[in-house]
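Subject: A structure for you to look through

Hello, I am passing on a structure that I have been working through, and I would be glad if you kept it open while you read. My notes on what was found follow below it.

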Amino acid sequence: MNILILGSGGREHTFAWKIAQSDQCKQLYVAPGNSGTAQIATNVAISVTDFEAIKALVLEKRIDMVVVGPEDPLVKGVHDYFLNDEAIKHVSVIGPQKAAAELEGSKEFAKEFLYRHNIPTAAYESFTKDTVEKGYAFLETLQPPYVLKADGLAAGKGVVILNDLEEAKTELKSMLVDAKFGVASTKVVIEEFLDGIELSCFVLTDGKNYKILPTAKDYKRIGEGDTGLNTGGMGAVSPVPFATDEFLEKIENRIVKPTVEGLKNDNLPYVGFIFIGLIKVGDDPKVIEYNVRMGDPETEVVFPRLKNDLVEVLQAMANETLDNIDIEIDDRAATTIMVVSGGYPEAYEKGKEITGVDRITDAIPFHAGAQLKDDKIVTSGGRVIAVTAYGDTYQEAIKKSYQNIEKLHFDKMYYRKDIGFDL
């Protein structure tokens, strides 16, 4: 098979790393890719939302399968684009159709879905700039902290949690009236704060059947001790030590099954990955959010633990035969630590030369915001490289990740030194 991966981050490098191991994969392309994917696949300088250019590439290279990494092309309807075009509708696309991608594209749509299918989640209401006064009144009925979420896609930065009521009101005005997140915050969801510990559950579905991948926990805040601004993710651990068999059974019965059934009942066509952001409140799981793709950096710890040939799994998803696949998981723990540009998630400089990648041993460097320039690897984004290691325990794996990070260097490099601290 000739396979095309859409995306340029650590998640896509991990996809490429895993797919390249398969005998089923003949030629592998990544658009646009990064310095990591360039070593194992052919990078093509095409935007993930330039559907015309993607079509031309698919026809030219005789692509059989397209694996969609990020959410943007899914929310914009890349799967539907293929289905509606005679020349490319035979190509398998891994990722939900536009209607189902609204689970990530709109926080309000997701909350309505959760309520409709009796899936445990936080109480909420949504507001626009015309109902901002009602939003203030609703905030007054809640106990702090206050959770405000931009309804649309805001690159993982559209969620604000504040302890002060007046600050929360000011933030609501900033999001709705001053368009702090642009179009993404023309509507804002306010929900009750759930107190607990977070984890991520990843589900594969062919639209009828499902399989559950290993759980993972990621660390979103830039600062140690989970402080500071939200990022795309600073590190991850898999499996999650506190997710007992009994707790995993609750996740499957109360959340995964009704989610997949709900997609069928609501006629939301879904072939792809469902990322369910969960919180453990007491002994019970509740849904914080849905994403319609794999998480990043969780992919960098989940896929290294998957023993199956990923291409065979993806084919089963495309052919609605996922029930014939037995998912095999490596018993070892995996951890990843994200190395980022100084200043991230706010303003940061690009083009810094990265050294030491070739010195990493007993760990896997997954490139994210990194590109090749004149035979050098240079920074091209906020999150630069994720260093993944295995261990018999997550503590051992974390130690290996940190030992290898010490071999890396670029100007103003930063990483959290406390990943896994809370476990």
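**What was found**

Asp375 lies in the loop between β20 and β21, where strands (E, at least two residues) and helices (H or I, at least four residues) are DSSP runs, numbered from the N terminus. Before going further, please keep in mind that this is a predicted model, in which local features need pLDDT of at least 70 and side-chain atom pairs count only at pLDDT 80 or more, while totals for chains, interfaces and linings use all residues. Residues are numbered from 1 along each chain as its sequence is written, and side-chain values use heavy atoms, with hydrogens and water left out.

**Backbone details**

Most residues other than glycine have a negative phi, and most peptide bonds are trans. Asp375 is not a glycine, yet its phi is positive, at about 65°. With a relative accessible area of 82%, Asp375 is exposed; here exposed means over 50% relative accessible area, buried under 20%, and partly exposed in between, using a 1.4 Å probe and protein chains only. Asp374, in the loop between β20 (370-373) and β21 (376-379), also has a positive phi, near 50°, and it counts as exposed at 68% relative accessibility.

As for the peptide bonds, the one that joins Ala31 and Pro32 is cis, with omega about -5°, and Pro32 has its place in strand β2 (residues 27-32). Another cis bond runs from Tyr344 to Pro345, with omega near 10°, and Pro345 sits in the loop between β18 (333-340) and β19 (364-367).

**Two residues in loops**

Is Ser35 buried or exposed? Ser35, in the loop between β2 and β3 (42-43), is buried, with a relative accessible area of 1%. Setting aside residues up to four places away in sequence, Ser35 touches His367, Ala370, Gln371, Leu372 and Ile377, contact meaning heavy atoms within 4.5 Å.

Val177, found in the loop between α8 (165-176) and β9 (187-191), is partly exposed, with a relative accessible area of 42%. Val177 and Val132 are 45 residues apart in sequence, and their C-alpha atoms are 8.2 Å apart in space.

**The sheet and the helices on it**

An open sheet of five strands runs in the order β12-β15-β18-β22-β19, and its pairing is antiparallel; two strands pair if DSSP finds at least two bridges between them. At the edges stand β12 (217-218) and β19, each with a single partner strand, so one side of each has no neighbour in the sheet. Within the sheet, β18 pairs with strand β22 (residues 383-391) in the antiparallel sense over eight bridges, and Ile337 stands opposite Val387 in β22.

Helix α1 packs on the sheet, touching β19 and β22, and its direction makes about 125° with that of β19; axes are lines fitted to C-alpha atoms, for helices over the stretch in contact, and angles run from 0 to 180 degrees between N-to-C directions. Helix α12 (residues 394-405) lies across β15 (235-238), β18 and β22, running at about 30° to β18.

**Two helices that cross**

Two packed helices are described by the angle between their axes and the distance between the axes. The axes of α1 (residues 10-19) and α11 (residues 310-318) come within 8 Å and cross at roughly 105°. These helices are therefore roughly perpendicular to each other, since angles of 65 to 115 degrees count as roughly perpendicular, under 35 as roughly parallel, over 145 as roughly antiparallel and the rest as oblique. On the α1 side are Phe15, Lys18 and Ile19, which meet Leu310, Val311 and Leu314 in α11. The residues of this contact divide into five nonpolar, no polar and one charged; Ala, Val, Leu, Ile, Met, Phe, Trp, Tyr, Cys and Pro count as nonpolar, Asp, Glu, Lys and Arg as charged, and the others, Gly among them, as polar.

**The cores**

A nonpolar core is a set of buried Ala, Val, Leu, Ile, Met, Phe, Trp, Tyr and Cys residues joined through side-chain atoms within 4.5 Å. The largest one has 50 residues, and those with the most contacts inside it are Leu4, Val58, Val66, Phe82, Ile276 and Tyr290. Helix α9 (residues 245-265) supplies the largest share of this core, six residues. Apart from it lies another core, of 43 residues, including Cys25, Leu204, Leu310 and Val311.

Best wishes
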